Amino acid sequence: MASSDGIALLRRAARRAGRRARASAVLSRITLLLPLPLGYAVLVLTLVKALRLDTASQLGWWLLGVVPLLVFLAGVSRALFTRRSSWLGSIALDQFHGFHDRVTSALSFSQVPVAERTPLMQAAIEDGVALAGSLDPRRAVPIGLPRELGVVLALLLGLCALSLLEVRSFRQLPPPPSFEPMVMSADDIDLFRDVAKELQAKNDDPNALIAVRRFNQLVEDIAEHRLDRHEVFQRMGELERDLKDNLELDRDARDDGLKGLARELEKSGLSKAAASALDEKRLADAEKALRELAEKLKKKEGRPSVAELDKLRQALEKASRSNEERAKNIDQRRRELEEEQKSLLKKKKSDQPDAGTSPDLDKKLADNERRLEHLDREKNRAERSQKQMSELDKQLAQAARDLMRDAGQSAQDLAQGAQDINRMAKQETSEEQKQELLKKLQEMRELMRQQGKGGKDQMQRLQKFGQRARGESGAGQGQPGEGQGEGQKDGKKEGPLRLGGGPGSVSIEIPVPVSQSGDGQGQPSGDKPGSSEPSAGANYGNGHDSNLAGKATELKVKTTDVTAAGADTGQGAASSQVIFGAAERGFVGRGYKQVFTDYQTVAERALSRDEIPSGYRFYVRRYFQLIRPRE
Amino acid sequence: MTEAEQAREEVAEFQKRIGALREEIGRVIVGNRDVIDGVLSCMLGSSHALLEGVPGLGKTMLVRTLAGVLGLDFSRIQFTPDLMPADIIGTVVLEEGAGGARQLEFRRGPIFANIVLADEVNRATPKTQSALLEAMQEHRVTVGRTTHVIEEPYFVLATQNPLEMEGTYPLPEAQLDRFFYKLQVPFPSRDELHAIIDRTTTAQHVEVKRVLTRQQILEMQALVRRVPVARHVQDYAIRVLMATHPSGEEAPELVKRFVRTGASPRGAQAMLLGAKVRALFDGRFAASIDDVKATALAALRHRVLLSFEGEAEGVAADRVIDEILKKLPGSKE
């Protein structure tokens with residue numbers, strides 16, 4: 001082997017060994033220093049998990065971790081970049097192979113210029129070169145696993161295990177929202193059920209019936225405790241809103257349509273009566289007037305003159321087109337306004353941005369915007385009106401067409417128009433019922449609101465009151481003052497005396513003073529629920545004593561039992577007596593119903609006439625609701 | 001034949017001669033291979049050795065044998081307190097010539113030999129010791145106005161008894177530094193003792209024969225000087241030397257604590273020369289770090305001066321040097 005090649009070989013081997021030595025040193029340094037940041041991380045993680053540190057504290061601890069990390073990086077960098085002896089690799093090779101520095105010396109002497117080399121140097125070089133083939137840098141500088149690797153691995157495993165550990169933080173969860181159903185007393189439920197039943201019976205308009213059904217469903221849901229307070233108010237709000245919106249829009253649209261018709265029909269003397277009725281929204285009168293006009297046209301005698309007929313024709317024609325024209329007018333105005341608005345916006349854009357826009361232009365734009373909105377609303381009304389009046393318009397147009405040709409046919413058209421007005425009148429009735437439902441809904445909402453303020457106590461009182469109002473004695477326990485009948489224990493109270501008990505007979509109640517020192521022989525009267533058991537002790541009885549008349553005398557005479565029964569005249573006792581009786585027995589009975597109706601009518605009249613604050617109104621109405629007659 | 005091949009042959013011849021030398025000495029001296037190599041190293045390094053050991057370990061025998069196999073003049077000086085410098089150097093005497101003329105003539109002392117054994121050198125007064133050491137250093141003696149050159153090769157072997165300190169004059173540090181090596185003669189092992197007894201208590205008498213000529217010795221000494229030392233080896237020797245100083249950059253804790261003064265540059269010279277000799281002993285062409293390590297103890301132990309604390313603690317210089325060699329890596333990072 002040539003000396004230069006041999007030296008190159010030696011140098012390569014030495015370099016490789018040097019690199020390995022450096023790598024080994026770096027690895028060793030890494031494993032030596034890595035436990036520092038790892039240990040710190042383990043410590044911090046343990047603190048975080050064990051002490052459940054908050055985010056700010058955690059951040060502080062982690063930031064402090066920069067110090068061990070920097071120490072680690074500095075140490076590793078130093079191991080990596082420290083300048084090492086150029087003979088590091090060759091010395092390692094010599095030491096491993098036991099060459100007594102023959103390789104290193106050869107490399108060292110090879111750097112001496114050839115001229116300056118001594119024979120012994122040359123011999124040393126050749127000696128080293130001869131060893132080149134046997135060099136094994138890999139074995140000479142093994143990159144073994146550093147001793148500290150175990151510690152590093154243990155720390156890494158610990159870190160992983162710690163990071164996987166779940167930190168159980170005990171957070172106080174808010175209690176689940178409890179469902180508190182909206183409670184309404186059974187008496188009030190009955191009241192609103194009755195209202196729904198009544199409205200359903202009165203109504204034949206499908207829309208109104210749907211609304212009533214929704215109301216009824218709401219009442220049933222409340223009765224079944226399926227809704228909480230929030231849901232009840234939500235449902236009521238939705239129902240009220242739906243009713244109100246359609247109601248107002250339809251009514252306004254119809255009024256507009258009718259006024260338009262009235263304006264045109266007023267121009268003819270023949271249709272003036274109908275026009276006047278339509279203008280005043282007296283639909284029944286308008287129907288009647290139109291029917292009369294139709295009759296007039298049918299008759300051959302006393303028929304209107306041609307001029308009158310022509311005027312009527314014109315009026316009918318114009319009336320039939322009034323709604324359409326109104327809608328067209330609104331549309332036209334709207335289009336013009338839109339054009340104007342567009343041109344104004346264009347002008348605003350073309351103005352210099354620096355100069356700013358003039359305040360007049362802005363004002364005009366805003367005004368136009370408002371007017372457009374107004375026209376949109378009007379258009380909506382006109383369209384609704386056109387829709388509602390479409391049939392009537394058609395009939396009137398047909399009547400106008402037929403008037404000059406065939407008066408009879410025209411009269412028939414007018415009669416059909418009158419029928420359509422009748423339909424509208426019926427619709428108005430349905431609207432009134434919707435209004436009624438709306439009113440009931442408002443009452444119900446107010447009632448709920450008031451009950452919400454009263455709390456459970458009020459609810460209990462109401463339930464008790466409801467029972468008493470229905471004449472129930474409270475689960476048949478015969479509480480004092482609730483029973484009726486003779487022979488009560490204490491006779492100071494007055495109780496009505498009921499005469500006549502046979503089948504088909506009429507009972508007459510006469511209030512009589514009852515001795516307090518009675519025997520307490522109350523018998524079940526059977527006319528009240530829960531009173532079938534005779535009460536004992538201090539409680540009053542509530543029925544008749546079979547021995548009331550005492551033991552039958554055994555007279556040796558022929559007698560015939562006669563039952564005397566009075567005729568039901570409906571007159572009954574005085575109102576005060578009826579009311580007094582109702583306070584004792586509950587709000588039942590025909591007499592009470594009559595008295596109640598009288599009073600309520602007066603009250604309603606007063607409420608509608610006088611200016612009474614809405615809060616008071618509620619109390620008055622509520623009072624009458626509570627004392628209403630029960631079945 | 002190229003110069004390299006010639007050099008290779010020279011080294012081989014050196015090795016052969018050393019082999020013969022060792023073999024011949026080994027016929028008389030039992031064991032003590034390190035001491036023999038040490039002595040030979042000193043001689044081939046053109047320097048002197050201090051042998052330390054208890055009496056009866058064959059120190060004088062070794063020197064005598066060496067002188068015998070080398071065929072060189074040998075003189076033995078038993079140092080005593082009353083020994084005067086003139087006793088070893090020689091003196092000028094008045095002599096009467098054949099014609100009756102009288103003249104001053106210098107009579108050479110025992111120091112004028114190729115191999116001088118200065119037995120128990122620490123028993124002489126410093127003045128006498130100084131005279132010896134001056135001759136050792138300069139290889140010449142000046143008496144009056146005349147300088148007398150000592151014939152080469154010149155090799156002084158001094159011995160001292162470490163036990164008997166009473167009535168002795170321990171060599172001052174500066175003079176100790178003149179010795180190339182300080183060799184400690186160990187007590188022989190059991191087997192070695194058997195061999196010693198066998199050889200010395202029977203009728204057999206071993207006559208050593210001369211193995212090398214004066215010229216050959218000089219050639220060998222010259223070859224030693226020609227052995228190259230790579231920079232890293234020299235650097236290592238210097239680092240070891242500097243580590244013996246408490247203020248040295250790489251001085252271990254033991255040095256900092258127990259050493260008063262480190263070795264002089266002669267220590268590095270001794271280590272490297274000794275390393276060269278060892279390389280040649282092994283047939284190598286250049287000294288190595290291992291050679292330096294092997295010679296460090298003998299070359300430095302008498303040059304490292306312990307502090308009072310070190311002496312009080314009973315710390316030996318050998319321990320300090322061992323510590324340095326152990327801690328000092330082969331190459332500085």
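**Figure 1. The buried residues of helix H14 of chain B in a predicted model.** In this predicted model, helix H14 (residues 317-327) of chain B has Ala317(B), Val320(B), Ile321(B) and Ile324(B) as its buried residues, a residue being buried if 20 or more other C-beta atoms lie within 10 Å of its own, exposed if 12 or fewer, and partly exposed in between, with C-beta atoms placed from the backbone. Viewed down the axis of H14(B), these buried residues fall within an arc of 95°, so they line one face of the helix; the arc is that of the directions from the helix axis to the C-beta atoms. An α-helix has 3.6 residues a turn, so residues three or four places apart point the same way. The packing partners of the buried residues of H14(B) are helix H9 (231-243), helix H10 (253-258), strand S10 (259-261), helix H12 (289-300) and strand S11 (305-306) of chain B, where contact requires C-beta atoms, placed from the backbone, to lie within 7 Å. Helices (H or I, at least four residues) and strands (E, at least two) are DSSP runs, numbered from the N terminus. Residues are numbered from 1 along each chain as its sequence is written, and chains are lettered from A and ligands numbered from 1 in the order in which they are written. Local features need pLDDT of at least 70 and side-chain atom pairs count only at pLDDT 80 or more, whereas totals for chains, interfaces and linings use all residues.

**Figure 2. The open five-stranded sheet of chain B.** The strands are ordered S2-S5-S8-S1-S9 (chain B) and pair in parallel, two strands being paired if DSSP finds at least two bridges between them. Strand S2 (74-78) and strand S9 (181-184) of chain B stand at the edges with a single partner strand each, so one side of each is left without a neighbour in the sheet. On average, and with direction ignored, neighbouring strands of this sheet are turned by 20° against each other. Strand S1 (residues 49-52) of chain B runs parallel to S9(B) and is joined to S9(B) by four bridges, and Ala49(B) has Tyr181(B) as its bridge partner in S9(B). Helix H2 (residues 33-44) of chain B lies across S1, strand S8 (155-160) and S9 of chain B and runs at about 165° to S9(B); axes are lines fitted to C-alpha atoms, for helices over the stretch in contact, and angles run from 0 to 180 degrees between N-to-C directions.

**Figure 3. The hairpin of strands S3 and S4 of chain B.** Strand S3 (residues 90-96) of chain B is joined by seven bridges to strand S4 (residues 102-108) of chain B, and the two run antiparallel. Glu95(B) has Gln103(B) as its bridge partner in S4(B). Five residues stand between the strands of this hairpin, in which Gly100(B) takes a positive phi near 85°. Of the seven residues of S3(B), the number buried is zero, so the strand lies largely in the open.

Figure 4. Most residues other than glycine have a negative phi, and most peptide bonds are trans. Ser46(B), in the loop between H2 and S1 of chain B, has a positive phi of about 60° although it is not a glycine, and with 19 C-beta neighbours inside 10 Å it counts as partly exposed. His139(B), in the loop between helix H5 (126-138) and strand S6 (140-143) of chain B, likewise is not a glycine but has a positive phi of about 55°; His139(B) is partly exposed, with 13 other C-beta atoms within 10 Å. The peptide bond from Glu152(B) to Pro153(B) is cis, with omega near -10°, and Pro153(B) lies in the loop between strand S7 (146-149) and S8 of chain B.

**Figure 5. The contact between chains A and B.** Chain A contributes 23 residues and chain B 22 residues to the contact. On the side of chain A that touches chain B, the elements giving two or more residues are helix H5 (88-97), helix H6 (102-110) and helix H7 (119-130) of chain A, and H7(A) supplies the largest share, eight residues. By class, this side of chain A has nine nonpolar, nine polar and five charged residues, with Ala, Val, Leu, Ile, Met, Phe, Trp, Tyr, Cys and Pro counted as nonpolar, Asp, Glu, Lys and Arg as charged, and the others, Gly among them, as polar. The model scores ipTM 0.82 and pTM 0.52.

Methods:
Two residues are in contact if their C-beta atoms, placed from the backbone, lie within 7 Å.
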